[in-house]
Amino acid sequence: MNAINAAAVAAEWSIRMADGSFAILAPESSLVTRISLSIKSFFKNLMLVFCRFLEKSWNIGMNEPRKVIHCIKVGIALSVVSLFYYMKPLYEGVGGTAMWAVLTVVVVFEYTVGATLYKCLNRATGTFLAGFFAIGIHWIANQSGKRFEPIIMGTSIFILGSAATFSRFIPAVKARFDYGAMIFILTFTLVSISGYRVKNLLNMAHERVSTIIIGASLCVITSILIFPIWAGEELHKLVISNLEKQADSLECCVAEYFSDSEDTTTNTKKMLAFKCVLNSKASEETMANFARWEPAHGNFNFQHPWKYYLKISASMRSCACCIEALTSCINQKNQASEFVRKQLTNTCQQVSSSTAEILKELAINMKTMRKSSRIDILVQEKNSTIQELETQLKQASGLLIVPKGAKNEKDEEKSVVRTSNVIPMVEIIPAATFASLVIEIATRIEGVVDAVEELSKMAKFKIEAAEKMKQSKSVIKIIN
């Protein structure tokens, strides 16, 4: 009986093929089965996305542990400030404005100490000034009577709000006090509007200012005492890193241009490292602005000349623009004459290596905060190699130019005969352009040297023993 049923099922789900054989058809899945499969697929994809998110988060935490520390610091600050709600004595001390302390922690706690101080001081100053003006104008409005009170309040909001907004367009104010101006506008408007309906305005303003000061102070203490991250130190390391990257990029570009290999993927990362210099302007300006607010720390005094770091970066960007032009020449190196490239190879590499050595030495000087006498020697070597390269360029360009000393037609004919079999101009120009760019970079590097020299004087870098002896000898000569 079972065999008969099995045969019936097989016959029910089979089909005769063209050759006379039978093929069994799979039964169609039901609606419930399809829905269950879709749900399983959805949750499976959701788990995959979640696992990838955890993996990326873990990698970020492992690569940059200071970001994890910053998150912990924010959590600590929020937990402490929440005690003003959880503990009844603290809550009664600040009243119902404890939320302002929590909001202050959320808004002003930043990654670096300088950024946190910038926001805390701006917020406290803006709040205090706004409260002072709001209470003063409120008192004047009260003395003027009910009829003129809304007119005076509305006019004051219009004038002070417009003036504070305009101040944010002034570069000096925008660089240091933009956040404070915004807080002033917000606080003054809120206190002025609230004061029109609230009787005890002075008490309300006092409570809000006190809670904001509590929150800001807690942020500053947590940021400085628990694994501080200094904006000035970050700027210092960034400029040093850019100096090293630019040196590597220059050497790789020159080596790649004069290499016989057509594969440019080997040193692409180092060759394009100069882009970090071009793209770091905004972050450097931000760090320099925040570093001005920081107290003395490490090797950096309170009045450390942070603006000179921006001068160094500006000089480096001037060189990086030329390096970017070098990379475009690499893609056209096959258009240049092989003979001319070989003639310029050694000298170009000497210029690039001496220039890169100067950049690396400047990076070491900034890292150790010491003045080295080796810079002067390297600059002299660079200048001598530049002169040698310029001489070779003149010789290469002279192959196609009739000498100016040709006085008659015979001299011109000799010149034409001499240059009739030389390299075409279109094959000389690419190599000459590349060499000219190398010279231009080596020349512009002196701007970086001067900027670092200014920084070393203003920051009072330590002088090496050899440099001290050199200076003492020069003083003795002047005296004699």
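In which helix do Arg 444 and Glu 440 both lie, and how many residues apart are they? Both residues belong to helix 19, where they stand 4 residues apart, about one turn of the helix, and their side chains meet in a salt bridge with an N to O distance of 2.8 Å.

This is a predicted model, in which local features need pLDDT of at least 70 and side-chain atom pairs count only at pLDDT 80 or more, while totals for chains, interfaces and linings use all residues. Residues are numbered from 1 along each chain as its sequence is written, and side-chain values use heavy atoms, with hydrogens and water left out.

## The chain as a whole

The secondary structure of the chain comes to 20 helices and 4 strands; helices (H or I, at least four residues) and strands (E, at least two) are DSSP runs, numbered from the N terminus. Of the 480 residues in the chain, 37% are buried, where buried means under 20% relative accessible area, exposed means over 50%, and partly exposed lies in between (1.4 Å probe, protein chains only). Among the contacts in the chain with a separation of 6 or more, 78% are between residues 24 or more positions apart, a contact being heavy atoms within 4.5 Å. The accessible surface of the chain is about 28,700 Å², and carbon and sulfur atoms account for 63% of that surface; accessible areas come from the Shrake-Rupley method with a 1.4 Å probe, and for residues only the protein chains shown count as cover.

## Salt bridges

The structure holds 15 salt bridges, each defined as a side-chain nitrogen of Lys or Arg within 4 Å of a carboxyl oxygen of Asp or Glu.

| Lys 311 | Glu 454 | 3.9 Å |

Lys 311 forms its salt bridge with Glu 454, and because Lys 311 lies in helix 15 (residues 307-330) and Glu 454 in helix 19, the pair ties together parts that are 143 residues apart in sequence. Lys 311 is partly exposed at 41% relative accessibility, and Glu 454 is likewise partly exposed, at 37%.

Arg 374 counts as partly exposed, with a relative accessibility of 34%, and Glu 357 is partly exposed at 29%.

## A nonpolar surface patch

A nonpolar patch on the surface is formed by Val 68, Ile 72, Ile 76, Val 80, Leu 83, Tyr 85, Tyr 86, Met 87, Met 99 and Leu 103, which together have about 880 Å² of accessible area. Patches are made of residues with over 30% relative accessible area and no salt bridge, with like charges joined within 9 Å and nonpolar side chains (Val, Leu, Ile, Met, Phe, Trp, Tyr) joined within 5 Å. Helix 3 (65-81), helix 4 (83-86) and helix 6 (98-108) each supply at least two residues of the patch, and helix 3 gives the most, with 4 residues. Tyr 85, one of the patch residues, lies in helix 4 and is partly exposed at 34% relative accessibility.

## Individual residues

Phe 227 is not a glycine, yet has a positive phi of about 40°; Phe 227 lies in the loop between helix 10 (201-225) and helix 11 (231-257) and is exposed, with a relative accessible area of 59%. Lys 460 also has a positive phi in a residue other than glycine, near 60°, and is found in the loop between helix 19 (425-458) and strand 4 (462-463), where Lys 460 is exposed with a relative accessible area of 71%.

Asn 279 has its place in helix 13 (residues 275-279) and is exposed, with a relative accessible area of 62%. Asn 279 and Arg 317 are 38 residues apart in sequence, and their C-alpha atoms are 9.1 Å apart in space.
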